[in-house]
Amino acid sequence: MDKKLTCSRRSFIKGTAATTIALGTAGSLFSINQSSFKTALAQEIQENKIFQNACPRNCYDTCSILSTVKDGILTKVDGNPDNTYTRGRLCVKGYSYTRSVYSPDRIKYPMKQKGRGSGNWERISWDEAYSEIAETILRIKKEYGSTLPICLNKYSGNFSIMQYGIEGMLASIGDHSIATGTPCWPAGIDAQTFDFGTIYNNDPEDIVNSKYLILWGVNPAWCAVHSMYFIQEAKRRGCKVVAIDPILTQTASKADVFLQIKPSTDGALALGMAKYIFDNQLYDAQWLARNARGYEEFFGYIKNNITLEWAADKTGLPKETIETLAREYATTKPANIWIGYGMQRHTNGGQNVRAIDALAAITGNIGKSGGGAQYAHLETWGFNYHAMVQEKPQDNRAHGNRAINMNNFGAEVLAADNPPIKMLWIACRNPVSQDPETSVIKKAFAAMDLVVTAELFMNPTVEMSDIVLPVTTTFENPGVNVSYWHYWMTLNQQAVKPLYEAKNDITIAMELSKKLNEMQPGSCTFPTAGDLYEWAGKEFNANIYSQFGINDWKELEKGPVKAKRGLIAWQDGRFRTPSGKYELWSEEAQKFGHHPLPVYVEEVKPSGKYPIRCLTPHWKLNIHSQFQNLDWMDNIDNTPRLEIHPKLAAQYGIAHNDNVKVYNEIGYFILPARITETVPVETVAAYTAWYKNRNYNVNYTVKAIPADMGKKATGMPGIAFHDNFVNIEKI
Amino acid sequence: MAKRLGFLVDIERCFGCHTCELACKNEYQLDPDIRWRKVYQIREDAYAMPERIFMSLTCNHCDQPECLRVCPVVAYTKRNDGIVLHNQDRCIGCGMCIMACPYKVPQYNQKQKRVEKCHMCAHKQDQGQKPACVTGCPAEALSVIDLETFTVLGTTEKLPGYPDPKITKPTTRFIQPSIGVQIRRDR
Ligand code: SF4
Ligand code: SF4
Ligand code: SF4
């Protein structure tokens, strides 16, 4: 056993061969040899240093991590048991972290590519990189009279509050173009903003108090694993769990009841339920009278427009099922609904979320422990974001930033005029693999003078860039993380030194600022030096301190802290809408072009040529284009597949493992078939992911069709990712 | 007092997320192609639930370990708490155990030309801690039980696709899944 563990340790470190990390003595420290293990373990504990870290991904769970570091090397990660939501556990992705830190595939030093997409990379120094970038910035500014031709595209690859340095750096060169919006969840955000005033969910640990729980288009078994514990605990305490989804998801497989709804008809189900609740007077008249606005109008609408037969026909669910669901939901208290992000990625997604919210309102389940209409929250995100707020240089001549729709990025970059966009800076994003309309994105990249990408791995976006800057992993720089789901805050300490020549975004910003000011004094107002921990400290304010019950952010060094108040959303009944009430009738919605009531908006149906809906949800081994590229994930599963129902497969003569071409008018991809009854008959599913050695990208077929909502809260509508229609063919 | 330690795998709670597998890999920083623990999908037709039922398996620390019986250099030992250890110092990489184990548990490490496998985190258990897979599973679907004292009520020794327990008398026990109501449009 000694040898095995020693060797494994050695080969593990070999991944970092390009660096000069001292290996230390690789003794028999992991020995479990009966006689010596006790001393070995004690010795191991003594020599190890433990650091606080946080998983910064775009994931509900935002785990608190304890990292073990020996001789300057991260030797493993554990969940931090102090966090009562993640409960000392990570997920399949979190436990792979040593493999991303020490991946031989990491981008190790700045590189320049001769010919985008050619793979003809050449190592350059940081100084050369800064010089070329700074020269281009200054040249563009001179040529076009402003820095508007420079466009930043940054989003969710890392949600640490320290990542905002990159916005700050761009702000410091002057007004520029900036990718605006969010691809993931905007329609639902607007829906809840119209209804409640903002997004705000109960502490997910409170799920255990629910007596009835509807998991509506959400798959925590893959995407928020730690919530599954609370769901199972609620079940153990007598809660009935119902899952509503077009796909028989892993989460649905654990529910008491699974209802396979037709995609994009969730609003019809909710309104059908509301109709039953109204007809049978199962609503909470008292709650509505005290807290809601527009309920008469809403009841008028469902009375005149909605029938259960219609809802049954729309949703594909039997009328009796809808009646039972409505009765159980309305009469079991408290009843909780968790609304997922997948179900709002439709052209009627926002309206559907409003209709579901309405159910929680008319049954008086809002503001209660065990109740609610959970979507997300930003209650714990009240940082200063000081890095973003920089003075403009004196010669700044534009009048504010130019917003470029992140959700139609390629087309909007190409269409931008007066001045055109000439340079892209990409950070924490992989648009070539994750944005819709991959071909258009590539065209936009091709039209640039310079594309700079700050990245960890050679992903498809880096492949289309001119300069790549190696960035640090979360273990190599400090940060602070909060979640859009639970209520914990975790300090992220620097556990190991930056590997290779990697730098974090703020350091890159400071050094580029220095270069710009050398070339043209006053051209960049971003600081040119500073201590990263001090930067972190500047993000805090009195509100956050009182919310979390701490006096100083350094207290986080002892471990994660949880918000002390506001854990049950809307408990005070003070909604943040214009009327201060829950708004079933929303004039705000009307202002943004919607019906003021949560009415049904027709779902998009397939057309003749492309009769199959192609859903592109998340896969369990990745988050967007992160994690699936790592060797440990590849070892579990390295083959993306097209999930197809046996009946549809038979219709197209497709057998298990046959290669299938999935195509529509904008592009295609090819995948082997996995024949399974988990998908509906008329729908196929392929997961959005980036596999290191595969030319696979679902977004070649996904059009940048806007979802109905998103503009109010996020600046741009979302993307109707799931209104993607294709045809298939065995090849 | 002698124990018979084994894993209890709650299939009702397990949702096939593979976290246990990587919690193990993380603990020992295993080579990429080595899997001490492995999560298997149970065949689609075994339950009235397509594709979503899994069993998380590792060494079963069998009462009659075939690995131990066939190993020509006595690399295997069974502790008196039941844990079956493999000693890499003795191992010559002949692969006899790999062929003998019905559960494909011993893993051949190409680089070291030796076998390796799960030791139930024996050193952790001796310190009163739980194995890495057990503490890692977000569903709390895994636990270590002592079959000498554990009441087997409601558990099973066998699952669809799990090799016949008669051969090696594995100590792994399972809790069967309960299947909910499915209102599906393909039926
Ligand atoms: S990906 Fe999510 S669940 Fe997994 S470790 Fe990170 S935050 Fe936790
Ligand atoms: S970690 Fe737990 S839930 Fe996930 S596959 Fe393993 S046993 Fe199952
Ligand atoms: S599962 Fe295989 S390796 Fe483990 S004790 Fe049994 S026979 Fe030996």
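User: How do the residues of the shell around ligand 1 divide by class?

Analyst: In this predicted model, the shell around ligand 1 holds five nonpolar, three polar and one charged residue. Ala, Val, Leu, Ile, Met, Phe, Trp, Tyr, Cys and Pro count as nonpolar, Asp, Glu, Lys and Arg as charged, and the others, Gly among them, as polar. The shell includes A:Cys55, A:Cys59, A:Cys63 and A:Cys91, together with A:Asp61 and A:His226; a residue is near a molecule if one of its heavy atoms lies within 4 Å of it.

User: Which residues come nearest to ligand 3, and which are closest to ligand 2?

Analyst: Around ligand 3 there are 13 residues, of which B:Cys59, B:Asn60, B:Cys62, B:Cys67 and B:Cys101 come nearest. Its shell has nine nonpolar, two polar and two charged residues. Ligand 2 is surrounded by 13 residues, the closest being B:Cys14, B:Cys17, B:His18, B:Cys20 and B:Cys137. The shell of ligand 2 has nine nonpolar, four polar and no charged residues.

User: How is the packing of α9(A) and α12(A) described?

Analyst: Two packed helices are described by the angle between their axes and the distance between the axes. Helices α9 (residues 266–279) and α12 (residues 308–315) of chain A pack at about 160 degrees, with axes 9 Å apart; axes are lines fitted to C-alpha atoms over the stretch in contact, and angles run from 0 to 180 degrees between N-to-C directions. Helices are DSSP runs (H or I, at least four residues), numbered from the N terminus. α9(A) is therefore roughly antiparallel to α12(A), the term for angles over 145 degrees.

How values were computed: Residues are numbered from 1 along each chain as its sequence is written. Chains are lettered from A and ligands numbered from 1 in the order in which they are written. This is a predicted model: local features need pLDDT of at least 70, side-chain atom pairs count only at pLDDT 80 or more; totals for chains, interfaces and linings use all residues. Side-chain values use heavy atoms; hydrogens and water are left out. Helices (H or I, at least four residues) and strands (E, at least two) are DSSP runs, numbered from the N terminus. Angles under 35 degrees count as roughly parallel, over 145 as roughly antiparallel, 65 to 115 as roughly perpendicular and the rest as oblique.
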